[in-house]
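I set these notes down while going through the sheet, the backbone and the aromatic side chains in turn.

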Amino acid sequence: MALLALWTFLPGASAAGTESSNKPQQMTDTINTRDAVVEIETTLGPVTVRLYGDTPRHRDNFLKLAKEGFYDGLLFHRVIKDFMVQAGDPTSRDAAPGRQLGAGDPNYTIEAEIDYPRHYHKYGALAAARTGDQVNPERRSSGSQFYIVTGQKYGPRNIAQIEHRLADDARQQLWMKLQKENHAKIMELRRSGDAQALEAFRQELIAEVEAKVQVPELPEQLKTDYVEIGGTPHLDGQYTVFGEVINGMDTVEKIQNVSTDAHDRPEEDVKIISMKVLEE
């Protein structure tokens, strides 16, 4: 298996995301499972999102920041057509034209609530940005940065490729976990200079990975959504999806179609004017 060709003790290359602090998120211990609804007023129109009750840390954090006015005046600082639109960097407020953005946050991160395949990156999905796996193996979310998926539609043939990619990602994650758990033994074998024993142990771990990870069968609704409305399936299982747009994708379409600079920042600012909690 190509992914397991090398002994590596750090997680793989960074995925798309944003810079964020490692300070733990301070949240209430009270957990409920109610969905919430927030209206986001932007300079290009309104967007209404539903926050999932089964991702309570992200829901409560988003509600808290919305009520505090944290997002008011922030830019959609990263816009990539047929992919996503991203906002929530506090340094984007009144940022000078042309300034590269995306490293700001409220000085904490949020524990991942990745619930795949229940929640996935379909068209209109609301998800949390984060730093990449190399510096963030727990896949903790930015305390404030979020993105809304636009993506593209996929043909039925692409679905099988998605399933195999997910299996490869699961193998890689298990491989990293096993290496971490067996770090002492691996280092002992390396120090002994017994290359044959080291290779035998590597093959033992590979066999364990192959036995435990199979190509998944994706839910029919997920397959249908990616074929009929589209999305960004290559992010599935790696970022926390904590809501979806229930009204205003026409506004999101306007945002994703604006002209952008070399840093994917809109050449003319697209701002969040305000957020209003409609249901909680």
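This is a predicted model: local features need pLDDT of at least 70, side-chain atom pairs count only at pLDDT 80 or more; totals for chains, interfaces and linings use all residues.

The entries below follow the order in which I looked things up.

**Entry 1: around β1.** I asked myself how many bridges join β1 to β2. I counted seven, between residues 36–42 of β1 and residues 45–51 of β2, with the two strands running antiparallel. A hairpin of two residues connects β1 to β2, and I found Thr42 opposite Gly45 in β2, while Val37 has Arg50 of β2 as its bridge partner. Turning to β10, I found that β1 pairs with it in the antiparallel sense over six bridges, and that Ile40 stands opposite Met275 there. When I checked how covered β1 is, five of its seven residues came out as buried.

**Entry 2: backbone geometry.** I kept in mind that most residues other than glycine have a negative phi, and that most peptide bonds are trans. Against that background I noted the cis peptide bond between Tyr116 and Pro117, with omega at about 15°; Pro117 is in the loop between β5 (109–110) and β6 (125–128).

I then listed two residues that are not glycines and yet have a positive phi: Arg139, at about 60°, and Asp264, at about 70°. Arg139 belongs to the loop between β6 and β7 (141–142), whereas Asp264 is in the loop between α6 (249–256) and β10. Are these residues buried or exposed? Arg139 counts as buried because its relative accessibility is 7%, which falls under the 20% cut-off. Asp264, at 25%, counts as partly exposed, since that class lies between 20% and 50%.

**Entry 3: aromatic side chains.** My search for aromatic pairs gave nine. I looked at the pair of Phe62 and Tyr71, which is tilted, with 5.3 Å from centre to centre and 35° between the planes. Phe62 is buried at a relative accessible area of 1%, and for Tyr71 I read a value of 1% as well, so Tyr71 is also buried. I next asked which residues form an aromatic cluster with these two. The cluster consists of Phe62, Phe70, Tyr71, Phe76, Phe146 and Phe242. I made a separate note that Arg130 lies over the face of Tyr239, at 4.3 Å from the ring centre.

**Entry 4: the nonpolar core.** I finished with the largest nonpolar core, which has 31 residues, and in which Leu51, Phe62, Tyr71, Phe146 and Met275 touch the most other members. Helix α1 (residues 56–68) supplies the largest share of this core, with four residues. I then looked up what Tyr71 touches, leaving out residues up to four places away in sequence, and found Phe62, Leu65, Ala66, Gly88, Arg93, Ser144, Phe146, Ile272 and Met275.

Terms used: Residues are numbered from 1 along each chain as its sequence is written. Side-chain values use heavy atoms; hydrogens and water are left out. Two strands pair if DSSP finds at least two bridges between them. Buried means under 20% relative accessible area, exposed over 50%, partly exposed in between (1.4 Å probe, protein chains only). Rings of Phe, Tyr and Trp (its six-membered ring) pair if their centres lie within 6.5 Å; planes under 30 degrees apart count as stacked, over 60 as edge-to-face and the rest as tilted. A charge sits over a ring if NZ of Lys or CZ of Arg is within 6 Å of the ring centre and within 35 degrees of the ring normal. A nonpolar core is a set of buried Ala, Val, Leu, Ile, Met, Phe, Trp, Tyr and Cys residues joined through side-chain atoms within 4.5 Å. Contact means heavy atoms within 4.5 Å.
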